[in-house]
Amino acid sequence: MAWQNRAKKLAAGKWIRFDDATPMHVVTFIGEPTEVTKVSTMGDRKGEEYTVLSFPVLVDGDEKKLEPNNSLLNAILAEDEDEEIMGATVLIKCLNLKTKREWKIKRMKEDTDQKTI
């Protein structure tokens, strides 16, 4: 792997971000989420503690953390109601990067040697 590709992976950190450069990710849920307490750093709620779920996931073979906001968490729950999400590989796409409240989740299906949507 070229050093530039490795540098990009390191710069991305351990958390999955949905932004203009990466509005979608293919992730595999590899374990049950844990609760994480965070402190708000912005707006009227600055300094207020809140709890999020942190899912361990694989992205391109690297272990990352997916800490979804409420709207993405609800989309994950809806997908899990149809079929267990643990162990599943899904494409998660942010449909509105400004508000990050609209999401599309689509399961990846095994197709011989390739994964297809």
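Mentor: The areas themselves come from the Shrake-Rupley method. Keep in mind that this is a predicted model, where local features need pLDDT of at least 70 and side-chain atom pairs count only at pLDDT 80 or more, while totals for chains, interfaces and linings use all residues. Residues are numbered from 1 along each chain as its sequence is written, and side-chain values use heavy atoms, with hydrogens and water left out.

Trainee: Are Glu-79 and Arg-107 buried or exposed?

Mentor: Both Glu-79 and Arg-107 are buried.

Trainee: What makes Glu-79 and Arg-107 a salt bridge?

Mentor: The rule asks for a side-chain nitrogen of Lys or Arg within 4 Å of a carboxyl oxygen of Asp or Glu. The closest N and O atoms of Glu-79 and Arg-107 are 2.7 Å apart, so the pair qualifies. This pair links distant parts of the chain, with Glu-79 in helix α2 and Arg-107 in strand β6, 28 residues apart.

Trainee: How many salt bridges does a search of the whole structure find?

Mentor: The search turns up three. Another one joins Glu-67 and Lys-38, at 2.7 Å from N to O. Here too distant parts of the chain are linked: Glu-67 sits in the loop between β4 (62-66) and α2 (70-82), Lys-38 in strand β2 (residues 34-39), and they are 29 residues apart.

Trainee: Why are Glu-67 and Lys-38 called partly exposed?

Mentor: Glu-67 has 22% relative accessibility, so it counts as partly exposed. Lys-38 has a relative accessible area of 25%, so it gets that label as well. While you're looking there, Pro-33, in the loop between β1 and β2, is 34 residues from Glu-67 in sequence and 9.0 Å from it in space, C-alpha to C-alpha. Pro-33 is at 25% relative accessibility, so it counts as partly exposed.

Trainee: And which side chain does Glu-48 meet in a salt bridge?

Mentor: That of Arg-45, at 3.5 Å from N to O. Glu-48 is at 39% relative accessibility, so it is partly exposed. Arg-45 has a relative accessible area of 56%, so it is exposed.

Trainee: What makes strand β5 "mostly covered"?

Mentor: Five of the six residues in β5 (residues 89-94) are buried. For the protein, buried residues make up 27% of its 117 residues.

Trainee: Which strands does β5 pair with?

Mentor: Pairing requires that DSSP finds at least two bridges between two strands. Strand β1 (residues 24-29) and β5 have five bridges in the antiparallel sense, so they pass. β5 and β6 also pair in the antiparallel sense, over five bridges.

Trainee: Which residues form the positive surface patch?

Mentor: Lys-93, Lys-104, Lys-106 and Lys-109. Patches take residues with over 30% relative accessible area and no salt bridge, joining like charges within 9 Å and nonpolar side chains (Val, Leu, Ile, Met, Phe, Trp, Tyr) within 5 Å. Lys and Arg count as positive, Asp and Glu as negative, with His and the chain ends not counted. A charge is placed at NZ of Lys, CZ of Arg, CG of Asp or CD of Glu. Lys-106 lies in strand β6 (residues 103-107), and at 36% relative accessibility Lys-106 counts as partly exposed.

Terms used. Areas by Shrake-Rupley, 256 points an atom, 1.4 Å probe, with all protein chains shown as cover. Helix = DSSP H or I, 4+ residues; strand = E, 2+ residues; numbered from the N terminus. Buried < 20%, exposed > 50% of the residue type's maximum accessible area, 1.4 Å probe, protein only.
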